[in-house]
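Here's a quick tour of one predicted model. We'll start with a pair of helices and then zoom out to the domains.

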Amino acid sequence: DSMESASGDGKSLYGGTVPLETTAAGSSYQLKDATRGGTYTGDAANKTDKCLLTVCLTRAPATLFTDADNQWGTGAAADRSTVAVDAQYGTDVTWDYYKKVHGRNGIAGDGKGSFNRVHYGKAYNNAFWDDNCFCMTYGDGDGKLMGPLVSLDVAGHEMSHGVTSKTAALTYSGESGGLNEATSDVFGTLVEFYAANAEDRGDWLIGEKVVRSGLGREALRFMDKPSKDGKSADCWSEKLGDLDVHYSSGVGNHFAYLLAEGSGKKSLNGVAYNSPTCDGSTVTGIGRAKLGKIWYRALTVYMTSSTNYADARTATLSAAKDLYGGDSTEQKAVASAWKAVAVS
Ligand code: ASN
Ligand code: ZN
Ligand code: CA
Ligand code: CA
C-alpha cells in the first residue's frame, strides 16, 4: 500500500474537536504523524508491562489505531479511539511547542518521533514515560479518583520526561528527582498554555481535567501553592530530598509560578491563584515565555544528572544572564523567585 500524510480530525475527550495529521494506508488511515517524526498512538488493550526494574518479560502492546474515514473518536470515552485522539493531540502540541518555541526537533532533538500507549491496564490511575520503549503510556483511571490520564498537561509532562532524559538526565530521586518532576510540570503547563485550546485552557494546575470527585481536590498538583495537594513542599528545607519526587517538585513548581506570574493573588483564564512566598517578600513575574526560555536553557545547557536546588538556582541565573544579560530585570527576578522559595 502507498502511504501518504493526510489531514483528519478527532473528537477528543478533553479538548473538543482537534486537527490530526495521519497516514493514509490503502483504504484506511493510521494514527501516525509523519510530519512529527512518525509519532503514533496505539492501544495497550488494558494489558500491563511485566517488568523487574527495567527488564520486561512482557510488554503491553501498542496496536496502532486505524480509522476508515479519518474522523477519529466520538468525544466519549466508550469509544476506544477517543482517548487516543487526546494522546496523539497532546504529543502533537508538545512536539510543536518544543519546535516553535525552543527550536528543538523532537524529544531527542533528532527529528524522530515516539509513541503513545492508551488503555494501559485496568482502572490504572497513572501515566508514565519509559526510557526503555522511549514511549508515553496512559491509564484510563478508575473513574472515581481519576478519568483517562490523557489531558494536554499530562501528555506534555510525560513527553517532557523524555526531553529531560535526553538532556540534563536528572536522576529520579532526591532533589534532582524533584527537579526532574518540576521540569515536566513546568513544560506540561507551558504546553497547555501554548495549545490555547478553548476546552482546556492554560492554567497552573496539573491534571485538572483528569481528576474526579473521589479525589477530593480540583487537580493533582497546584503550582501557585504546591502544598494545596496536602503533600508537596512550597519551600526548600534540608529534608526536601527525602520526599517523593512528585512532592519535592513543589519547590521548583512554586519557583516557576512566581517567576512567571509573581506572588500574591491573580486570576487567569477564570482560575484564581494566590501564591505565597516563604520569606514574606513580593515577587514580580516576568511572564511565561521568559520562564520557558530560562528553564529550557538551564535544562539543556547547565543542569546535569546530579543538579540539586542550589545548582538549579545557579543554572537558571546563568541561563538568564545568557538570554537577557547580567543584572537584567530577568536575572534579578530569577534570584528573587528562588529566594522566595528559600533556595539560596
Ligand atoms: N505520572 C508519574 C510521572 O510521570 C509516573 C511516575 O511516578 N513516574 O511522574
Ligand atoms: Zn513525572
Ligand atoms: Ca487546563
Ligand atoms: Ca493544567
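## How α4 and α7 cross

Helix α4 (residues 245-261) and helix α7 (residues 329-340) have axes that come within 9 Å and cross at roughly 140°. Helices here are DSSP runs (H or I, at least four residues), numbered from the N terminus. Axes are lines fitted to C-alpha atoms over the stretch in contact, with angles running from 0 to 180 degrees between N-to-C directions.

α4 and α7 therefore count as oblique to each other (under 35 degrees is roughly parallel, over 145 roughly antiparallel, 65 to 115 roughly perpendicular, and the rest oblique). The crossing is right-handed, as the near helix is turned clockwise from the far one by less than a right angle.

## What meets at the crossing

From α4, F255, L258 and L259 meet A333, V334, A337, W338 and A340 of α7; contact means C-beta atoms, placed from the backbone, within 7 Å. The residues of this contact split into eight nonpolar, no polar and no charged (Ala, Val, Leu, Ile, Met, Phe, Trp, Tyr, Cys and Pro are nonpolar, Asp, Glu, Lys and Arg charged, the others, Gly among them, polar).

## The two domains

An automatic or database assignment gives domain 1 (7-166) and domain 2 (174-340). Their contact takes 24 residues from domain 1 and 27 residues from domain 2.

On the domain 1 side, α1 (80-102) and α2 (152-166) each supply at least two residues, and α2 has the largest share, eight residues. That side has nine nonpolar, 13 polar and two charged residues.

## Ground rules

Residues are numbered from 1 along each chain as written, with chains lettered from A and ligands numbered from 1 in written order. As the model is predicted, local features need pLDDT of at least 70 and side-chain atom pairs count only at pLDDT 80 or more, while totals for chains, interfaces and linings use all residues.

Methods. Two residues are in contact if their C-beta atoms, placed from the backbone, lie within 7 Å.
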